[in-house]
Amino acid sequence: MVAFGKKIKERSIEEWQEYYINYKLMKKKVKQYGRQIEVGSLDRRHVLKDFSRMLDHQIEKISLFMLEQQGLLSSRLQKLRECHDALQDEPDISQISNLREAYRSVGQDLLQLLVFIDTNAIGIRKILKKFDKRFGYRFTNYYVKTRADHPYSQLQQVFKHVGLGAVVGAISRNLHELQNNQGSFLSIYDQPVVPLQDPVVDSIKNAVDRLTRSTNFLNFMAQHALIMQDEDLLIHEDQADQEEGRYHFMSLLLNLANTFLYMVNTYVIVPTADDYSMSLGAAATVCGVVIGAMAVAQLFSSVYFSAWSNKSYFKPLIFSSIVLFVGNLVYALAYDFNSLALLLIGRLFCGFGSARAVNRRYISDCVPLKIRMQASAGFVSASALGMACGPALAGLLQTNFKIYNLTFNQDTLPGWVMAVAWLMYLVWLAISFVEPARDPEEVHTSQESNSESLMFDEADQDGNMEKGITKQLLLAQEETEHDDEDDCDGSEESAEDSRKPANSFVAAYKLLTPSVKVQLLIYFMLKYAMEILLSESSVVTTYYFGWSMSSVSIFLFCLGLTVLPVNLVVGSYISNMFEDRQILLASEIMVCVGILLSFHVVVPYTVPQYVISGFIMFVSAEVLEGVNLSLLSRVMSSRLSRGTYNGGLLSTEAGTIARVIADATITVAGFLGQSMLLNVTLLPSLIICVGSIVATCFTFNSLY
């Protein structure tokens, strides 16, 4: 694949060569910085200062040239304005036609300037991303914030194309006045609803729209997306239109409701699982198996739901609702049948109904880009709210009665209530969900090709120059999908191979860099620690403190409530003050501190010790999860943003495996007695946490 620096030369205007970003030079400088840091001849502070100065110089060169060209266009428009005014007194059809062509000529030159801006904007974005990836910094966030918000910002000239609106407005208004007017001069402001049927103005409008979409990453720098985004959706206008056609608000709401209900279903049994197990003749620590059964089934359901979402969203959601209804029904009936097997089967069914892979996929595939960040935040919020509401709901279900031969008590009511909830959701889903139109990939690609060909053919009717400019803009747009094409030293792959999604777990694993593997280990560690804390909370607090089920529910509810405020603080403040790697390492250390404080040693075990250590562990793990997933979404291969075996599935599987092992650990440790349960289960958490800290320090230091 041709490097971006070469493509700048291919599409650049010859007389403007010296004013384009010197991408090749800056790329060499980034590599040079890396070598100098490795040998110790240059510190990182000097690198940041030198790179900032160099990029400032490049942006200043670009922006001043843009202002110069805007001035030339403005001078030409001013002269045409004088001719236009002269025609008001003595209208002449031939002169009006010549004047119209003169305005079109200015419009074509404006299109050239838009190509120039677009190419440089992509170059700036790519070199910033390359710098962050090479050194592991959040330099892009800092650079964009400090430069874009400054009152004398030159970066705004490039990314917000300041001043071009006036030029576009002048061309559009005057061409509108000259359009078939026969001497009658009407303004676009007088008749705003009348469309201007001029191909040059249409091309300018489309070019500005595409340029806006290619440079609007300024709005996303301070936000953390926890759902893998496919950057291919940023590319073509027809794809954006297709997104709009797919979007249906009620379907999105149903998708988020599924997320919420599933998280409630996961955690609603945590406070009562030990009591339910004992009522069926098993040990209290069997709650680990009961809780973990859902995670075991989710290991398999995540794969087939991810594959199913390639073809449909409605059918897997229907299937999910039915399976979860049956699973909760079986879970509730296990009490009256006095069967531990039915209890486990019910939880397995609930796990087989996990459609979180569909929930993520629907947002990334069917929600328009302009509101996708809000939808992603809704997904995170729904998950957090469900996690908090699950234990709270269990705390409210404190009653005991019978209807015929069916028992309704604190153990069975979570199953009965969730079965009714899923039945109601199923009816709502069947009535309101709209399946988005899904074409096969080959047809979709063919349609894109046909759309581009049609665009070029239409442009050709108005002149080869306009056709060439439109094509250059489209080619510039396509660079946004190949940000990593020249990140590997000397290794290049075909465009087709670089776009293919992974077709197996093995293929997906091969796409993972060492740093990504460490991040998945971190994700495994934090999920393991959180599952140990949550799943054994009822057994531990009952043994040491004699807590009631309501007290356990309140404790878990308070833990769940910390998720949203913690992510808000980290996303809005902490991430802007420190680098991701710093937050990552600090959070891992705090998780380790929380684990250490949780051990029961010589002194009597107290409620403050348990609660404080639990909150430290849980909150630190939440901070770690947010930063880790945010970093993963930026450094994971773009090929893992689509297909069945995507980045979201990999992270889900890593977390689910951690939960399965953690719940199994609780049950196995139960054979040693409840007095040993706490320390025995915390020991693996400590070992994995220390290992992840060592891996983080070693891997990131060796890479960056």
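**Figure 1. Helices H10 and H13 in the predicted model.** The axes of H10 and helix H13 (residues 314–337) cross at roughly 25° and come within 12 Å of each other, in a structure that is a predicted model. Because angles under 35 degrees count as roughly parallel, H10 and H13 are therefore described as roughly parallel to each other. The crossing in which H10 passes H13 is left-handed. On the H10 side the contact involves Asn258, Tyr262 and Asn265, which meet Leu317, Ser320, Leu324 and Asn328 of H13. Sorted by class, this contact of H10 with H13 comprises three nonpolar and four polar residues, with no charged residues.

**Figure 2. Helices H10 and H14.** Helix H10 (residues 249–267) also packs with helix H14 (residues 340–352), at an angle of about 155° and with the two axes 11 Å apart. That angle makes H10 roughly antiparallel to H14, since values over 145 degrees are counted in this way. H10 passes H14 in a left-handed crossing. From H10, Tyr262, Asn265 and Thr266 meet Arg347, Cys350 and Gly351 of H14. By class, the contact of H10 with H14 holds two nonpolar, three polar and one charged residues.

**Figure 3. Asn338, in the loop between H13 and H14.** The loop that lies between H13 and H14 contains Asn338. Although Asn338 is not a glycine, its phi is positive, at about 50°. Its relative accessibility is 51%, and Asn338 therefore counts as exposed, the limit for that class being over 50%.

**Figure 4. Tyr404, in the loop between the two strands.** The chain has 29 helices and two strands, and Tyr404 is placed in the loop between strand S1 (401–403) and strand S2 (406–408). Tyr404 is a residue other than glycine with a positive phi, here near 60°. With a relative accessible area of 78%, Tyr404 is exposed.

**Figure 5. Ser302, a buried residue of helix H12.** Ser302 is found in helix H12, which covers residues 287–308. Because its relative accessible area is 2%, Ser302 is classed as buried, a term that applies under 20%. When residues up to four places away in sequence are not counted, Ser302 touches Ala357, Leu649, Thr652 and Glu653.

**Figure 6. Ile522, a buried residue of helix H22.** Ile522 has its place in helix H22, which spans residues 514–535. At 0% relative accessibility, Ile522 counts as buried. Leaving aside neighbours within four places in sequence, the residues in contact with Ile522 are Leu584, Glu588, Leu624, Asn628, Ser692 and Thr696. For the chain as a whole, 83% of the contacts between residues at least 6 apart in sequence join residues at least 24 apart. Of the 704 residues of the chain, 54% count as buried, and the chain exposes about 30000 Å², of which carbon and sulfur atoms supply 61%.

Conventions
Residues numbered from 1 in each chain as written. Predicted model: local features only at pLDDT ≥ 70, side-chain atom pairs only at ≥ 80, totals over all residues. Heavy atoms only, no water. Helix = DSSP H or I, 4+ residues; strand = E, 2+ residues; numbered from the N terminus. Buried < 20%, exposed > 50% of the residue type's maximum accessible area, 1.4 Å probe, protein only. Contact = heavy atoms within 4.5 Å. Areas by Shrake-Rupley, 256 points an atom, 1.4 Å probe, with all protein chains shown as cover. Axes fitted to C-alpha atoms, helices over the stretch in contact; angles between N-to-C directions. Parallel < 35°, antiparallel > 145°, perpendicular 65-115°, else oblique. Left-handed = near helix turned anticlockwise from the far one by under 90°. Nonpolar A, V, L, I, M, F, W, Y, C, P; charged D, E, K, R; others polar.
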